[in-house]
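This report goes through one protein model with its ligand. Please have the sequence and the structure open while reading.

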Amino acid sequence: MPITNQSGTFNIGDRKVRRLGYGAMQLAGPGVFGPPRDHDAALAVLREAVASGVNHIDTSDFYGPHVTNQIIREALHPYGDDLVIVTKVGARRGTDGSWIPAFSRQELTQAVHDNLRNLGLDVLDVVNLRIAFDLHSPAEGSIEAPLTVLADLQRQGLIRHLGLSNATSKQVAEGRGITEIVCVQNQYNLAHRNDDRLIDDLARQGTAYVPFFPLGGFTPLQSSTLSNVAARLGATPMQVALAWLLRRAPNILLIPGTSSLGHLRENLAAAGLALPDDAVEELNHMADIAA
Ligand SMILES: NC(=O)c1ccc[n+]([C@@H]2O[C@H](COP(=O)([O-])OP(=O)(O)OC[C@H]3O[C@@H](n4cnc5c(N)ncnc54)[C@H](OP(=O)(O)O)[C@@H]3O)[C@@H](O)[C@H]2O)c1
């Protein structure tokens, strides 16, 4: 039985996935731009993730751009029936690697077709609209126009499920008036807990919450609290950070990113790490210290 089984499962729409998944962004080159440093290592990471029971992979065609999806296709196509690939649209990349918002009907339609082609799919399982009124954190503004475009593509049969990324509670509510929202992907981890209330609301509604930067992102979490708890439990700090998220709420699905087989194995093993209550209590205060 794969270790990832121990993380339990949760649904994204009508697709049940193991709660420990994989985020593919780190497979592109430096700055999420261009080809990976080690192409064969990228293929090996993806194949080992799936062989270890991962059946939820997060990606986007703007990683690379195109490169990450092409590597996923090369490594895993034809895909197993239980694999759910979640992608996102709403940005394109400049020739200098910059991130440019892309929300017009034409840009969103193009992005969906790019994802289909580069992943080698006829239908995308889940597409997140990545909102960018502020590029780095959720900010208010209506999402009616771009989400309506995606809902049209969903009716045409190109997309099964829709989700939101970098979204506020108000935007989730607005989105639900347009189509079913099956998941929300925002920044959240031990030290960055702005979404506490949103997570609990979504849990009550049976909607998946998928934290990006679960390990802290490009600069992984560093904290003496985390290191001390990890040392006491004979685990690594990154495993404790993931185990805390699994414990935080049942609707949290993990997509830690790595380009390294060693880190992948370490992260997946977090599925089997049960945190004692006193450790959880100590870790709960990390956000206060980081704030
Ligand atoms: N919706 C959005 O706006 C958005 C934004 C960012 C990311 N995402 C998604 O979220 C996923 C996760 O985010 P992320 O990859 O940026 O951040 P992350 O999972 O928090 O952390 C990734 C970083 O941690 C390192 N790392 C991974 N495992 C480690 C370990 N066991 N020990 C030490 N370092 C470790 C990685 O380097 P190595 O490669 O060396 O392991 C990488 O630098 C992405 O892959 C992407 O799919 C979405």
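Where is the place of Thr 258? Thr 258 is in the loop between H8 and helix H9 (261-268).

## Basis of the report

The model is predicted, so local features need pLDDT of at least 70 and side-chain atom pairs count only at pLDDT 80 or more, while totals for chains, interfaces and linings use all residues. Residues are numbered from 1 along each chain as its sequence is written, and side-chain values use heavy atoms, with hydrogens and water left out.

Helices (H or I, at least four residues) and strands (E, at least two) are DSSP runs, numbered from the N terminus.

## Thr 258 and its surroundings

Thr 258 is buried, with a relative accessible area of 5%. Here buried means under 20% relative accessible area, exposed means over 50%, and partly exposed is in between, with a 1.4 Å probe and protein chains only. The side chain of Thr 258 reaches the backbone nitrogen of Ser 260 at 2.9 Å. This is a polar contact, that is, a pair of N or O atoms within 3.5 Å; within protein, one must be able to donate a hydrogen and the other to accept it, and residues adjacent in sequence count only if both atoms are side-chain atoms.

Not counting residues up to four places away in sequence, Thr 258 touches Tyr 22, Gly 23, Gln 26, Leu 27, Val 45, His 263, Leu 264 and Asn 267. Contact means heavy atoms within 4.5 Å.

## The ligand

Around the ligand there are 26 residues, and Asp 58, Ser 165, Leu 215, Thr 258 and His 263 are the closest.

For Asp 58, a side-chain N or O atom is 2.7 Å from an oxygen atom of the ligand. For His 263, a side-chain N or O atom is 2.5 Å from a ligand oxygen atom. Asn 267 has a polar side-chain atom 2.9 Å from a nitrogen atom of the ligand. On its own the ligand has 900 Å² of accessible area, and the protein covers 88% of that. Accessible areas come from the Shrake-Rupley method with a 1.4 Å probe; for residues, only the protein chains shown count as cover.

## Nonpolar cores

A nonpolar core is a set of buried Ala, Val, Leu, Ile, Met, Phe, Trp, Tyr and Cys residues joined through side-chain atoms within 4.5 Å. The largest one has 74 residues, and those with the most contacts inside it are Tyr 22, Leu 46, Ile 57, Ile 72, Leu 150, Leu 164 and Leu 283. Helix H8 (residues 237-248) gives the most to this core, namely 8 residues. A second, separate core has 12 residues, including Phe 10, Ile 12, Val 84 and Val 182.

Beyond its neighbours within four places in sequence, Leu 150 is in contact with Val 89, Leu 108, Val 112, Val 127, Leu 129, Ile 159 and Leu 162.

## Helix H2

Why is helix H2 (residues 67-76) largely enclosed by the rest of the structure? Of its 10 residues, 7 are buried. They are Val 67, Thr 68, Asn 69, Ile 71, Ile 72, Ala 75 and Leu 76. These buried residues pack against helix H1 (39-51), strand S4 (56-58), strand S5 (84-89) and H3.

## Salt bridges

Side chains of opposite charge can pair when their charged atoms come close. A salt bridge is a side-chain nitrogen of Lys or Arg within 4 Å of a carboxyl oxygen of Asp or Glu, and by this rule the count is 14. In one of them, Arg 92 pairs with Glu 107, with the closest N and O atoms 3.3 Å apart. Arg 92 lies in strand S6 (residues 91-93) and Glu 107 in helix H3 (residues 105-119), so the pair ties together parts that are 15 residues apart in sequence. Arg 92 is partly exposed at 41%, and Glu 107 is partly exposed at 26%.

Asp 200 forms a salt bridge with Arg 248, the closest N and O atoms being 3.1 Å apart. Because Asp 200 lies in helix H6 (residues 196-205) and Arg 248 in helix H8, this pair ties together parts 48 residues apart in sequence. Asp 200 is partly exposed at 30% relative accessibility, whereas Arg 248 is buried at 18%. Shared partners join Arg 193, Asp 196, Asp 200 and Arg 248 into one network of salt bridges.

Technical notes:
A residue is near a molecule or strand if one of its heavy atoms lies within 4 Å of it.
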